[in-house]
Each structure stands twice: as C-alpha cells, then as structure tokens.
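This report describes one protein model for a reader who has not seen it before. Please look over the sequence and the structure shown here before reading on.

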Amino acid sequence: MSQPLRADLSRRSALLLPAGAFAALTLPTAAEADDERALAITGLMACTRAQRWVDADVPYSQSAYYNGYRTDCSGFVSFAWGLARPGLSTYSLRRVGDFITKPQLRRGDALLSPTTHVVMFDKWADAGRTSYWGYEESSSQGAVHRVIPYPYWPGYGDFKPFHKRGMTPA
C-alpha cells in the first residue's frame, strides 16, 4: 500500500467517528468557557464569579492553579474580574485600575496593598463603614466571603480602595 493511500484511508476512518468525538477533546467545558469570556463588567458579576471559588472551597496556594488561575489572592481577584489567565500579581493589578477613596467603594472594587494582598469588596457590613463583606483567598482559610475590618486587619499592609477600570457596580 502506498503512503498517500494510507493517509487517505486514515482520513476516511476519522470521518466515521461520531461528530462530537473531536469536540470533546478540544472544546472547553461550560465552566471553562465561562472563565474565558470577556471581562466582568459589573461588580455583581465579579462577586458572582468570586462566590464560585468560595462554593468550591478552593484552597490558597502560590503554586497551584484552578481553572487556569493561580490560587493566591491576586489570581482569585483576576478570575473574579475576568482577566487573562493565570492572573496578575498584587503589584501588576495596578495596570487595570485606579486607586479611589473610601466613599467611592462599590461592589466588585478591591482593597489593595500592592506588595502584600488584595481583597474584593462586596458591601459594607455596618452603617459606620468600619467593616465590610469581602471575598479573598486567605492563606489560612482558602477562598472565603467574610466580614473584614476596614481597610484590613492591622499589620498586613497598606490597603487602599481600588477600582478596576470599566466596571460598574450593579
């Protein structure tokens, strides 16, 4: 049998496979496809995405990945905001947004200490705005949604409110 004929037979055999056989090998799952969609354009979308990691109880790690994102604090926020995999670092997050003031904080914004940690802001936990509900990848607890003192616990860095450009709160 000549070489071209063998190749011809291989192609014909491949055509006999069920139509979805190759798609299953190359297409992302529904969850992965959702992760690859455009940037989260609202704070509500970002919080909904963050809650997925909380629900999955994704543990903190600076060397592990979940759906292609690092499972550290900045990988978590990068995922929630729909940024490219594997996510930005706490230092490089500054490229996608701007520091704002405390009264400007809205759902989906962040509290960022560029050299140490980042937490995504959900909503105020009290009328005095001394604590808030935040999403974070905590080194001791993994992905959590919890009440955090504003701007963060003392001794963990210089946290400032931060807004991702182009994101609206609702």
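## Aromatic pairs

Rings of Phe, Tyr and Trp (its six-membered ring) form a pair if their centres lie within 6.5 Å; planes under 30 degrees apart count as stacked, over 60 as edge-to-face and the rest as tilted. The structure holds 14 aromatic pairs. One of them joins Phe99 and Phe162, an edge-to-face pair with 5.3 Å between the centres and 70° between the planes. Phe99 lies in strand 3 (residues 97-99) and Phe162 in strand 8 (residues 160-164), so the pair ties together parts that are 63 residues apart in sequence. Helices (H or I, at least four residues) and strands (E, at least two) are DSSP runs, numbered from the N terminus. Phe162 counts as buried at 1% relative accessibility, while Phe99 counts as partly exposed at 38%. Buried means under 20% relative accessible area, exposed over 50% and partly exposed in between (1.4 Å probe, protein chains only).

Phe121 and Tyr132 form a tilted pair, 5.5 Å centre to centre with 35° between the planes. Phe121 belongs to strand 5 (residues 117-124) and Tyr132 to strand 6 (residues 131-138), so this pair ties together parts that are eleven residues apart in sequence. Phe121 is buried, with a relative accessible area of 2%, and Tyr132 is buried at 0%.

## Basis of the model

This is a predicted model: local features need pLDDT of at least 70, side-chain atom pairs count only at pLDDT 80 or more, and totals for chains, interfaces and linings use all residues. Residues are numbered from 1 along each chain as its sequence is written, and side-chain values use heavy atoms, with hydrogens and water left out.

## Overall make-up

The protein has five helices and eight strands. Along the sequence they follow the pattern α-α-α-α-β-β-α-β-β-β-β-β-β. Of its 170 residues, 40% count as buried. Among contacts (heavy atoms within 4.5 Å) with a separation of 6 or more, 49% are between residues 24 or more positions apart.

Nine of the nine residues of helix 5 are buried, so it is largely enclosed by the rest of the structure. Among them are Cys73, Gly75, Val77 and Trp81. Just after helix 5, Gly82 takes a positive phi of about 75°.

Ring pairs link Trp53, Tyr66, Tyr69, Phe76 and Phe79 into a cluster. Arg49 lies over the face of Phe79, at 4.3 Å from the ring centre; a charge sits over a ring if NZ of Lys or CZ of Arg is within 6 Å of the ring centre and within 35 degrees of the ring normal. Thr48 is placed in helix 4 (residues 43-56) and is partly exposed at 47% relative accessibility. Thr48 and Ala80 are 32 residues apart in sequence, and their C-alpha atoms are 7.8 Å apart in space.

## The largest pocket

On a 1 Å grid over the protein atoms alone, a pocket is an open set of points where a 1.4 Å probe fits, with protein on both sides within 12 Å along at least five of seven lines; lining residues have an atom within 4 Å of a point. Grid points are joined across faces, edges and corners, and a volume is the space filled by probe spheres set on the points. The largest pocket holds about 320 Å³ of space.

Its lining has 19 residues, of which His117, Ser138, Ser139, Tyr152 and Tyr156 lie nearest the centre. Helix 5 (73-81) and strand 6 each supply at least two lining residues. Strand 6 gives the most, with three residues.
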